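Reader: I have a model open and want to learn how to read its fold. Can you take me through it feature by feature?

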Amino acid sequence: MRTNIVHIGATELSYEIRGIVNIAEKIQKISKSPIIWENIGDPIQKGTKIPPWMKKIIQEALQNDIVYAYSPTKGLKKTREFIAEKINQEGYIQIDPDDIIFFNGLGDAVSKIYGFLRREARVIGPSPAYPTHSSAEAAHSGYPPITYRLDEDRNWMPDIEELYNKVKYNESIAGIMIINPDNPTGAVFPKEILLEIVEIAKKFNLFIIADEIYINMTYNGEGAVPISRIIDKVTAISLKGISKEFPWPGARCGWIEIYNHHRKPMFEKYINSILNAKMLEVSSTTLPQYVIPEIMSHPEYPKWIQERNEFYKKRSEMLYEIFSKVPYITFNPPKAAFYATIVFQEPLRREMKLEIPNKEVELYLQQILENPNLSNDQRFVYYLLAAKNICVVPLSTFVTPLQGFRCTLLEQDDEKFIKTYETIAQAIVEYYESAKIYV
Ligand SMILES: Cc1ncc(COP(=O)(O)O)c(C=O)c1O
């Protein structure tokens, strides 16, 4: 081509959570047996049933012509008023409905938040990192993500000293990103840790991006502290949505709450650029915005959230029961959301393998494994797919030097859940032991 048409950050875009689906589908086709999908955080796909009262609200909304219209760019005023009122009632920060902007899912919000940041300005985020954030941030800058470590030996708590030092010595860092509760680790960061992060932002004049899509999905006994309660005068963006909480991921509906933006003209300008970008797109999906106030204030809503959290708590305990007996790994049972991260403590070796019952699948796997760039945990994940038809996501694709995998707590059927994870537990042992014959 006459001119290079490839974006500077093109190589930074990767989303293995869905990328792996192509390989899994090929294996499904060759083996003629279904894949057990443990890669994607979609409760509906894994059998969660929307309660009838919620469906009724949505059905009734559909009778109203206004839900077929464009909404205002920031989102329906009544819904933004409802959300602002809920924050204001808590008695910490006070926000205006105009401090809220709706998006077509947080995926849309994330790409604009980083996409309209000045290229040289970087946002440091956690490692392991949820790839939607890390890839969008890296793609905007054209360089790999900058991260602070979540420590698997301390229940995935952030390494505050590392965060402090990286911020101190890298002047390009303009913001700190946190995901609380966290994906992929299921950690909930206590108030003291959040306060320390706010202090760093204050000291170095940074803004905070807090992805709080799982804020009400905790089972740690204490809940999670939203950044709105402790942000003080620091400029921040909180991201929230209904994909996981209702759950209604197909609605493509999420919003940002902006705190303290009037205090910093530069931050205000940045927020305006995000809003203008949204304006070029006109607006976000109307129907889900329309039903948010009625669903969230329905008397059954708190009970529904509580029931689901209890379900995931039970799943987390079941996983602990299975994985605490497995050698070679570290497993911190999740305390929120519906993901679990398993870390391989003992180094994986390239000669490790699993027995593949289907010869055709084995041939296909060998082709994939010829790629010299595969990390060792990717090799394990592909072996698990080929040998057991179970699809999880390699941990190394979450911007971390750790090796392992992420799976979900979503399976509704107890027996199937236990069988899947016992199979994975056995596969881990079989994989490590396969190398012993070569020692
Ligand atoms: C931490 C986090 N943020 C954002 C999203 C994306 O949410 P949405 O469906 O609103 O795009 C996800 C989805 O898994 C997530 O885990």
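**Reading the sheet and its helices**

Author: β3 and β6 pair in the parallel sense over three bridges. Strands, like helices, are DSSP runs numbered from the N terminus (strands: E, at least two residues; helices: H or I, at least four). Two strands pair if DSSP finds at least two bridges between them. In β6, Ile176 is the bridge partner of Ile124. One caution: this is a predicted model, where local features need pLDDT of at least 70 and side-chain atom pairs count only at pLDDT 80 or more, while totals for chains, interfaces and linings use all residues. Residues are numbered from 1 along each chain as its sequence is written.

Reader: In what order do the strands of the open sheet lie?

Author: The order is β2-β9-β8-β7-β6-β3-β4-β5, eight strands with mixed pairing. The edges are β2 (100-103) and β5 (157-158), each pairing on one side only. β8 (236-241) and β9 (254-259) run antiparallel, joined by six bridges. Ser238 has Glu257 of β9 as its bridge partner.

Reader: Which helix packs on the sheet, touching β3, β6 and β7?

Author: That is α5, and its direction makes about 150° with that of β3. Contact means C-beta atoms, placed from the backbone, within 7 Å. Axes are lines fitted to C-alpha atoms, for helices over the stretch in contact; angles run from 0 to 180 degrees between N-to-C directions. Helix α7 (191-203) also packs on the sheet, touching β5, β6 and β7, at about 165° to the direction of β6.

Reader: What handedness does the unit of β6, α7 and β7 have?

Author: General idea: view the strands pointing away from you; a crossover is right-handed if the path from the first strand over the helix to the second runs clockwise. Here, β6, α7 and β7 make a right-handed β-α-β unit. Five bridges join β6 to β7, which run parallel. Ile178 pairs with Ala210 of β7.

Reader: How many residues of α5 are buried?

Author: Buried means 20 or more other C-beta atoms, placed from the backbone, within 10 Å of a residue's own; exposed means 12 or fewer, and partly exposed lies in between. In α5 (131-141), 11 of 11 residues are buried. Its cover includes α1 (16-31), α4, β3 (122-127), β6 (173-179) and β7 (207-211). Gly142 follows α5, with a positive phi near 85°. β6 is mostly covered too: six of its seven residues are buried.

Key: Contact = placed C-beta atoms within 7 Å.
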